[in-house]
Every structure is written in C-alpha cells, then in structure tokens.
Amino acid sequence: MVLRRWFDRAKWNWRVSVFYFKHLVAIALWLSVVVVAIDGSFVVYVIWRRIWRKRYYAKKDLARGRFAPVVDRYAAGDLSVEKALALLECCRRRPEREALQELLLAAIAKDNVTRLTDLLVQLRYVSAWAMHVFGRRRAAELLDHVCRGVPLPPRRRRYGWPAAVRNLRVVAVRRAIAARYFTYLSDDFVRVLASEALHDGSSEVRRVSIQALGRSRFEHSLTFLLAELRDAIVGRSAISIRTVRNSVARYTVSDLGEFLPFLADTEPRVRFAMVDAIREIFAQSGNPPLAGAEVSADLRRALMSLCEDGSPDVRARAAGVVASFQDTATVAALRKLLEDDNQFVRLHAIRAASRPCYRELLPHILRLVTDKSWRVREAAVHSLAGLGSEGLERLAEVFLSTSDRYAAEQIADELQRSGALAQMAKAMVGREVEVVRQLGAKMVALERTAALAHILLTAESQPLRVVLLDVLAGVPTPSQPTLSALERITQQEGDPLQGRSRAVLATRAAAAGGRA
Amino acid sequence: MREIVIYVLDYANAVFLLYFFVTNVTYTVLMCISLYSVSLHAKFASQRTYLDLADSPVTPPVALLVPAYNEEKGIVQTVQSLLSLHYPEKEIIVIDDGSSDGTREQLVSHFALQPMELIYRAAVPTPRPLAFYHNPQIPELYLIQTAHGGKSKALNIGINFARSPYFCTVDADSIIERDALLRLIAPVLQHPENTVVSGGVVRIANGCRLEAGRIVGVELPATWIERSQVVEYIRTFLFGRPGWNALRAMFIASGAFCLMHKESVIAAGGFGHDTVTEDIDAIATLHRFLADHQRQYRMVFTSDPICWTEAPRSLRALAKQRRRWQLGLIQTVMKHHSMLFNPRYGAVGMLALPFHAFIEGIGAVVEAAGTVLIPICFALGLVPLPVFLLFLLLAIGYGTLLSMGSVVLEELTLRRYGRTRDVLVLLAYAVLENIGYRQLTTFFRAQGVIHYFLGRRRWEAVEHKGIATPNAVPYAS
C-alpha cells in the first residue's frame, strides 16, 4: 500500500511512457478477438474433421466389403475383365475409388500382375496417375504407346506452371505419390511410365521412379539405373547413391551383363560402386556357386581383373564377388588378396574365403589371426568361428599355441561372444579333458575368467565343472564373478562341488588374512 | 525519485514486451514453415516408402545406445521395444552407468545375460568398463557395466563398443515405435549429402498402455502437469524443430531418440562432459567441427519416427528437469559462443544459436521477470491498461494460438490420439497450459539460468516410476 500511494495511479506520466499509442487498447482488444476466433475455429475444425473422417472411413469400409469378393475372384482368374468391369464400374465416389484402388494394389502378385494392370487401366486409375505425373497430353501419348503400340513422340516442353514452381516439393509430392503406383503395374507399363518419370525435374519424383524400376527389375532399365548410379557418384545427380544402389541390388545374377561397360569405367569410385552392387546382388541371392553359363566369359574376365585393380576399395569388393565362382582361378585370386598390403582388402578377402569350399585357404586365414591390423584379426577369427566345428577346432589350436597376446585376446573375445567357449568345453570334456583344462588356463592367463565362472555355475556336466573349479582355484587374485560363483556354489545345498568350493574360499580367506 | 523509478520500470516493461513480441514473431515464422514441411512430409510418409529399406542390402547397421542410471522400473520394457524394432541389422548396447538400484540385475535375469570380458578399444578416450554381459542367443544385445560417470561418458563407452557406422541414442525410459528406426534412417539414405544427425519426435508415454515393450494404446495421462507436458511436447516437436530443420539450422535434437554418424562424432571428440545436456552440446560440437573442417554435411529432423518417453509426474521432478535443460542450454551456448553471429556456421551461427542464446536461454529470465513485474506494475498503476492487455495477449493469447495450432497439426498429420475426447482435452489444455503451467516452467528455466551464473552446474537426476508395470515374460524362460 505504501508503494501504491507512492506511485499514485492518478498521476501516471504519459509523456515519459514509451507506450503512448492512441489506439493501443483497440488494437489489443481486436487482436484478442482474432486470437479467440482462430482458437474457436481450430476446435470446430478438429470436431468437423473427426466427424468427416469417421463418415469417410465408414463409406470406405462399406465399399471394401462390397468390392473385396469381386477383386478376389478376379485376381484368382475366376472373372473376366468385362464382368469385373461391369461389377466395379458403379464405384465413382472418392471413398469407393480409394477402397477399390487399395484392394486392387494389394491383390497384385507375380502371377496376376498383367490381369490386374489391365483392370486398373480399364478403371482409369492408371490414366489418372499418369496425368498427375506427366500432364494430360503426355499421359495419353504414353498410354497409347503402351496399350496400342502407337509410336511414342519425343518429349516436348511442358506448358502450364513454370518448372521452378512444378519442382517445388509441395507441388512435386503429389506427382511422386502417383509415380509410386507405377511400381505395382506390369513390366510394359513400368518400363514406359517409370522411365519417363525419370526425366521429371523433381528429384523426389525421380527417386520414386528409380525405386519403382528397382522393384520391378525390368531388364532394360538396368543400364539406365547404372548410368544414374554413375551420375550420383560423380555428383551429377541429386539422387543419393544409396537410393540407386538399393534399386540396382534388387536385380538378379542373370542381369549382370549390363554391368560390363561400367566395370571398366575410368573413375575408381564408379568401379567400386558397380562391383559392390554385384556383391550385393550375389548376397541377396544367397551367394550361390556360379556355373559358367550364369556369368558370361567377358563378365567373368572383367570381374577377375578387378582383383588386381589399382584401387584397394575395388580389390576389396571384388573378393566378395569372385568368391562365388568357386574354381581354381578364384582360389589363386583369393590367396593373393589375402596377402594384399591393404588391410581392408585382406579383411574382405577373409570374409569372401570363409566358405567350406575354400578349405585350402584355411591356413592362410589362420595366419591372419595374428595380423597387425585388429580389424583383420577380428574378421579372421569371426570367419573361422562361423565355419563350424572345424573352424573352431583350428581356432582352439591357435589359441592354445599362440604367444601373440592380441590374437589370443581376439579369439577369447569371439569364443565368449558366440557362446562357443561353453559349447567347446562341453563337447571336449568327455574326450579331451586336458585340452579343456588348457583352454581354461589360457583364459585365466588372459584374465578372462567371468565366462568360465558362468559355465562353472550353469554347466550340467560334473567333470567339466570339476575341471573349471580346478582352473579357477589356481587364479592368484580371483575376479568378482569368480568369487560370486564360488559363493553361490557353497550356498547350493546338494551341489557336489559345495565342499570343494568352500575349501577354495577358505584358502582364499586365509591367504587374504595372512596378507592383512 | 518517483519519476526515475517509473522511467526505469517503463523501459523494463518495454523490454519485456519486445521480448514477447520477438519470441512470438519467431515462433509464428517457425509455425508457418513447420506447417508446410510437416504436412508435406506426412503426405509422402503415408506412402510408407521407408519400408523398402527393411529388406535392402544398403540399409546400414545401427547401434542403439541406451545409457541407464537407476532405471530398473522401465529398462526391461525399453530393451524389449528395441529388440522388436523393425530394422534389418542392429546392435543394442545398454550402458549401466553405475546404477545403485537393480537395473543391471533386471537385465541380466530377464535376458539371461552372461558376464564376459571383451575387448574394448577406446576411440573416444574413456575409462575401461567394469564388465560386459551378453547372451549368445540374443546376439544383438550387450550390457556394459561402468562406474558412475554421467550420461556423456556412458554414451562414449557405447560408441567405442559399437561396430555399426551409425548409432542412435535412446533414453532408458523410452519406448520406440516399431518402424521408427527405419523412418529415422530414411532421410539419411535418401539424400546425397552426408547426413550426420537425424532426429525424431519424442512423445509422452504417461497414460499409454504398454505390452511387451510396445505401446498398444495411446491415451492421455491423468494429471494436469503431465497433460500440459503432452501439449508442450507436441508444440516443440511439430512446430519448433521442423521449422529449424527447414531452415537448415537444427541446433537441438533430443538425445532420447537421435541417430548419429559414428565416424563424425568420434572425429569431433565424442560427447562432451562439460555440460549437463550432452545431446545439445553434441549437435553444436558437430556443427562447429564439420564447418571448421569444411565438410559437406546436413542434420535433419523428421516428424514421424516417434519415441515415447516418461515425463515427470510431479512439480518437483519437472522443476529439476527444466532447470537441467536450461542449465545445459546456457552451458552449450556459452561453450560455443564463438559461433554466435558467425557466418562461417551458416544458419546455425546466424539464426539458431542467437535464438537459443537470447530468446530461449537468457530470455527465460526476461520472461520470468516480465511475468512477475508487469502484473505488479499494473496493480500499482505503473502500467497502463493497453500495455497490460498487450502483455496478456502476447503471453497467453498468442501462446494458446501456437499450442492449439500444434494440436491441430498433430491431428492433421500423425493422429496418435484415437479418441475424439482425448483430442478435445488436448485442445483444452492448449489453452490451460498457458495459465499457470507455462509460467511455472518459465520460473524453473530462469532458475536454471541463475544456477549457471551462480556456478551450481550439477546434474539434477529425475526419478522415474516406469511407464507401466512390467509383466513381460523373461527371455530366459
């Protein structure tokens, strides 16, 4: 109140105020009204939209229920196009059209794609998509070309909105969505429509078209995609390398002939991308052994020559590709790559050679377990462990015999991660107790006792547990997991190792007391 | 004397109004840009093109790094949600940052993890972890136990242990939607430039129904604090960040769910230890490092990969959280002050950093002072009615406009709240949160700034109760 009296409201000095605006009250009030009106309209809009969506989806569900049996019968080949058209032509409203479109696209499979494409054309879906993407006139030309074989006139300048506006994302996104539907159509349509869409000014539409071509795996589009990949690598395209590679990698081994001119490209990054794409194609098809007929002699020669490429990246990726040939020439090439100066070449060569058919390369891979690069050591150990019991046995031999601490640590790491240590110990304990003891001792020497303690706790085989307890009892300063394991055993009533474990702990305690 | 006081207060009030005006104009610009970019993205995302990446050989592996400190209540659910992610190749690395509760035990028993001693190579300098746990039957899951050293150290340990070229930071109290990681990596793969950061949306999971690590029912929480936070998060993630993203000036990406390029982060020195918000600092550090080394890069924010996280349920916890965020923001801004108005750093240096420094950072004190002083001055007769009305309009009326706009945008694009009632409640809270909640958070933020200048720069831990009672079946069984 004192303050209030001091400031005396009546004597407010407007002349010193920075807020001396004549109509400020009116402005503020009007702004408040606007804000409240907009807030109110938001509420009304949300309610209206909810109601509209509810009705819309009810209509759509109804249409789906009506048309689903017709689409199913048509997709199964039980209805002719004429009959299907007669049954479906009544669908004119937006929810019905959308429901039918979704049903038809979902029903498309390899064996009925031509029939369903035909129906989509007849129901004017394809023309609507094409019109969105290419404009009315060009869409008509393209569809005439596909459906009636009319020669396709060259592309003309498109009238209407300027390219700068058309290529804005907000405008292009509708075209991109329409272009995506081309993916579902039969090869003739995809080839013409998606290829045409690749010339769109918007990178969004081009990206979708590239994905469409990749998914349809149309043979003649591969050259186009590979050219696009080259452009992306040298920075001449706004499409990402990974987008194009994703599409290229969907092709099959039988399409590889198209790669041939690109494998001899002067730009090493292009050669790298091409050979990497081939590697991905092989990987997608499960890395099958390739007979002579599947890969032409020229391509084979080109791929083999990449093993001696000047770029280490190309050589590294070529290893994974040539490994599929599985013949004597490949063995020689892989052997050379395993001895390459570049660590990444050696690493990829190891991964490529870690197949049962390359048993003769096993000694070379074993040698790389002691490589100077940890990446190579890691790859070698991982690959050997992946070769099954033979690989594991060889690893165990190296593990026990090597004096290279890094190599031993890498093997110990892999044995733990893959769970192979427990498997090996269980498998060996019946026949090679001494080897198990040595393995345990080596793990202890490397200070890797936690996994041993875990096996000691969980193993069912008593002889194995006895061996492990012996090994762990000899550790000068036991780790926390070891001590916990021993304590848990002493607490487990009826455990055959209870007494022994208690004795070990007592010895430890006495030793610790003595030191104190 | 009276004249002088009136004069000073008058100008102080002018500063407050100017602050409110500039803030709201900036938000309006961001709102317009966000409306454009979010609705456009939603339109295209509805085609689900990202699903192509699920079976693509070019989709890179991603390591999900989950630093956890005393998170026993929600950690199992979080890991379950990560294991069920729809993604071709992933590693899940939980880093137990010296928890004193049963975080480690929960994970070890639920996922039957075994102790191991594995190789650890420190590309980013960190002490060696205490222990590693792994179950060969779940090859993608690893648990690393470390001595308590803070979130940034835990993340650096995770980075060192990860083998994937990208990593995604995930909070231990968060649940990620099944396709969220695919959606997050999509802009990385679809753009020719090297995308070093891809941030996603964080939403509040309080009140949602959870089953086996998946959100099965999105509902609103019960209390006003949580509901106000729901509106606040929607506004931040649909109106703020997409706007900055469109301006190529991303400065904040929530560490609760953020994908990063490992090599770039390692080259920039990993996560720093000198701020309490390692996520903001990491983004600023990356901007600085990459711009200084003249590398082509971009950082993106995508509005549809959603991560659900637990929000504070009490005022005390909220205060702690906001103080920490504000403190971290100020620390980051001060640490990277040389980037301010520096054209070398592009839109980040010229727009985002000044905005975050002066409007979001120091501005919190101005806002708090204005919130207190203007009504007092009005009551004392020092502020004329028009000024007071303008203040109310800018502080409350315009705030409701932004909040309601963001709820409408949510309804137009993501539509995560299925029940009409929930959306109407959200709209109501878009108004109500401007009266009381916003002022409270402003005071907490102002406290954060004051703490910085007083030198009280410690991490205030927020307790978590867990999103839902875990009733999942242990993996071991």
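**Notebook: salt bridges, strands and the A–B contact**

I began with A:Glu98, which has a relative accessibility of 24% and so counts as partly exposed. The model I am reading is a predicted one.

**Entry 1. The partner of A:Glu98**

I looked for the residue that meets the side chain of A:Glu98. A salt bridge joins A:Glu98 to A:Arg94, with 3.7 Å from N to O. I then asked how the two residues are placed in the helix. A:Glu98 and A:Arg94 are four residues apart in helix α4 of chain A, so about one helical turn separates them. I also checked A:Arg94 for accessibility: at 53% it counts as exposed, because the cut-off for exposed is over 50%.

**Entry 2. A second bridge from helix α4(A)**

I next took A:Glu96. The side chain of A:Glu96 forms a salt bridge with that of A:Arg66, at 3.6 Å from N to O. I noted that A:Glu96 belongs to helix α4 (residues 94-107) of chain A and A:Arg66 to helix α2 (residues 24-75) of chain A, so this pair ties together parts 30 residues apart in sequence. Is A:Glu96 buried or exposed? I find A:Glu96 buried, at 14% relative accessibility, since the limit for buried is under 20%. A:Arg66, with a relative accessible area of 41%, is partly exposed.

**Entry 3. A bridge between buried residues**

I turned to A:Arg245 and found a salt bridge to A:Asp276, where the closest N and O atoms are 3.3 Å apart. This pair links distant parts of the chain, 31 residues apart: A:Arg245 sits in helix α13 (residues 241-248) of chain A and A:Asp276 in helix α15 (residues 268-284) of chain A. I recorded A:Arg245 as buried, with a relative accessible area of 15%. A:Asp276 is buried as well, at 2%.

I then followed shared partners. Over all chains, I noted a count of 56 salt bridges.

**Entry 4. The contact between the chains**

The area buried between the two chains is about 6700 Å², and carbon and sulfur atoms give 63% of it. On the chain B side, the residues that lose the most area to chain A are B:Arg2, B:Phe44 and B:Glu117, which together account for 11% of what that side buries.

I looked up the charged and polar pairs next. Four salt bridges are counted between chain B and chain A. I noted the pair of B:Asp52 and A:Arg180, whose side chains meet in a salt bridge at 4.0 Å, N to O. The residue pairs in polar contact between chain B and chain A number 20.

**Entry 5. Strand β12(B)**

I moved to the strands of chain B. In β12 (residues 298-309), twelve of the twelve residues are buried. Strand β8 (residues 195-204) of chain B runs parallel to β12(B), and eight bridges join them. Strand β7 (residues 174-176) of chain B pairs with β12(B) in the antiparallel sense over three bridges. I looked for the residues at the end of these pairings: B:Thr309 in β12(B) is the bridge partner of B:Ile204 and also of B:Ser174.

**Entry 6. Strand β6(B)**

I examined β6 (residues 166-170) of chain B, where five of the five residues are buried. In a regular strand, side chains alternate between the two faces of the sheet. I found both faces of β6(B) covered: B:Tyr166, B:Cys168 and B:Val170 are buried on one side, and B:Phe167 and B:Thr169 on the other.

I also recorded the neighbouring strands. Strand β1 (residues 62-68) of chain B runs parallel to β6(B) and is joined to β6(B) by four bridges; B:Ala63 stands opposite B:Phe167. Strand β11 (residues 257-261) of chain B runs antiparallel to β6(B), with five bridges, and B:His261 in β11(B) is the bridge partner of B:Tyr166.

Note on methods
Residues numbered from 1 in each chain as written. Chains lettered and ligands numbered in written order. Predicted model: local features only at pLDDT ≥ 70, side-chain atom pairs only at ≥ 80, totals over all residues. Heavy atoms only, no water. Buried area = accessible area lost by both parts, 1.4 Å probe. Polar contact = N/O pair within 3.5 Å; in protein donor to acceptor, adjacent residues only side chain to side chain. Buried < 20%, exposed > 50% of the residue type's maximum accessible area, 1.4 Å probe, protein only. Pairing = 2+ DSSP bridges.
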